[in-house]
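This report is for a reader new to the structure. Please look over the sequence and the model before reading on.

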Amino acid sequence: MKVCKFGGSSVKNSTQIKKIVEIVKRDDKRQVIVVSAPGRDETYDEKITDHLLNLATQGQHFLEHKIDVTEQNSFEAILSKYNKLCDDLQIPKDGILDNLENDLQNCKLQDDKKIAFFLSRGEHYNAKIIARYMKKVGINIKLMLPEEFGFILSDCYTDGKVQEQTYTNIKKHLVLKDNEKVIIPGFYGITKGKEIAVMSRGGSDLTGGELAYALDADIYENWTDTDGVYEVDPRVIPNANVIPRLTFKELRLLSSKGFNVFHFNAMLNCKKSKIPIRVRNTNNPTNKGTVILSERVPMEKLVGIAKLDNMASIHIQKAMLGEEVGFTAELLKIFGEFGINTYHYPTDKDDLAILVEQEDLKGNINNLRRAIDKRLKPDNIFITYSLSVITLVGIGLKEDSFTIVDALTALKENNIAFEMFDMSPSKISFHIGVAQNISDIALETLYEKLLTKDNCIC
Ligand SMILES: Nc1ncnc2c1ncn2[C@@H]1O[C@H](COP(=O)(O)OP(=O)(O)O)[C@@H](O)[C@H]1O
Ligand SMILES: N[C@@H](CC(=O)OP(=O)(O)O)C(=O)O
């Protein structure tokens, strides 16, 4: 049995939905289908999920990103998207869109509960529409909603974590005969108190991974709009190659450091049960894509280079901080209290830097500084914004750490200064920090030197 997740780009309009119908029909083993909300398309520059977030936050979401789309624009975009989908697929709207306007206009929920509810509507209504269309074209498919079979999430409404009970519920309610299929909206679930919660952004990948794990699927197919996972972000380097095979660990590192083709937590349970994942292209379904497995013969030392933009470094200076027992623990505790995720911590006798996502400092920076000043009494705190972290990943790097010499030499030859350098304890990834305004050039330079066929260090 195969679990297939179709991302926003694969369900963004009726043309794409017709493609996924063909993919589902072509293989009887494709029995569990997870769908996202409609992604960006020719008419709408933003994903439906972002319009829903904009609506839930009275227009603040797009305003913060300096995008000129009002609350009213978002409301109209959402309604017209779903109405058009029904029209184009020639299916009746009753029983599907009856509650959409009401959900968006008369919601009594507040704060995070409201945001989670709005966000969930993208997948909820899209799955209903696709289910009806699939039935219309003769597929024996049943719609199963997370609130019905119990996809249970923690009470953190906008970043819910899957609870153990979910696996039991999936096994109990998703018992399928050979000729049966189910379609499930991704990204959301319910709390134990039966309120809607969503996982983190990109969370439909997580729904697919959890279903594959609970049902012990033969494979988890993740359908998107690229031929697989590329060696580098194809938006920066369009002629990059697709990586044929990756280990779970490599994909996890790459996706947590900027390869946003796959959610970095979605492979955790598949890894545990050794369920292979295949990233495939809905627009090119005969292509085999990238397969993610437990092991790979490390013919290639380096498989990919990821880049994470919009990072900031908080550099703390204090004489002898390296000798103050508990200093780092207290510092990390402070970041934790502000809900800020910390990345690398390069450190020395009197200096320590913490890398964080710049976005996380918004609205927090003054209080954070005060807390650090008060509790740790540093001599100085320097903050550098607009950094990019470039990460080189490959299991073969463990045996050949000199690859990094080639990387740094290439940067030197091209006059590209770097701000930070760090090797992970697993020795299968290296991180280089550069100023964001030169990060695309740095990525191109490293790609040319380390991954193009002529120079490949394989
Ligand atoms: N290394 C990479 N390989 C493939 N795609 C990548 C990579 N890095 C970033 N991406 C981007 O990820 C996109 C697919 O992710 P996403 O937009 O979330 O798809 P979906 O809508 O199918 O969930 C691609 O279109 C591509 O622009
Ligand atoms: N629609 C949600 C969940 C998701 O996984 O979407 P996508 O498949 O388009 O990455 C989001 O935008 O975050």
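## Aspartate 50

In this predicted model, aspartate 50 sits in helix α2, which covers residues 48-56. Aspartate 50 has 24 other C-beta atoms within 10 Å, and because a count of 20 or more marks a residue as buried, aspartate 50 is classed as buried.

Phenylalanine 62 lies twelve residues from aspartate 50 in sequence. In space, the C-alpha atoms of aspartate 50 and phenylalanine 62 are 8.0 Å apart.

## Surroundings of the ligands

Ligand 1 is surrounded by 18 residues, of which Gly7, Gly8, Ser9, Thr224 and Val261 are the closest. By class, the shell around ligand 1 holds ten polar, five nonpolar and three charged residues.

Around ligand 2 there are 15 residues, and the closest are Gly7, Gly8, Ser36, Thr49 and Ser204. The shell of ligand 2 is made up of ten polar, three charged and two nonpolar residues. Gly7 and Gly8 are listed among the closest residues for ligand 1 and also for ligand 2.

## Domains

The protein chain is divided into two parts: domain 1 spans residues 2-225 and domain 2 spans residues 304-450. Taken over C-alpha atoms, the centres of domain 1 and domain 2 are 36 Å apart.

## Confidence

The average pLDDT of the protein chain is 94, and 99% of the residues score at least 70. For the complex, the predictor gives a pTM of 0.93 and an ipTM of 0.98. Where pLDDT is low, the predicted coordinates should not be read in detail.

Technical notes. Residues numbered from 1 in each chain as written. Chains lettered and ligands numbered in written order. Predicted model: local features only at pLDDT ≥ 70, side-chain atom pairs only at ≥ 80, totals over all residues. Helix = DSSP H or I, 4+ residues; strand = E, 2+ residues; numbered from the N terminus. Buried ≥ 20, exposed ≤ 12 C-beta atoms within 10 Å, placed from the backbone. Near = placed C-beta within 6 Å. Nonpolar A, V, L, I, M, F, W, Y, C, P; charged D, E, K, R; others polar. pLDDT = per-residue confidence, 0-100. Domains from an automatic or database assignment.
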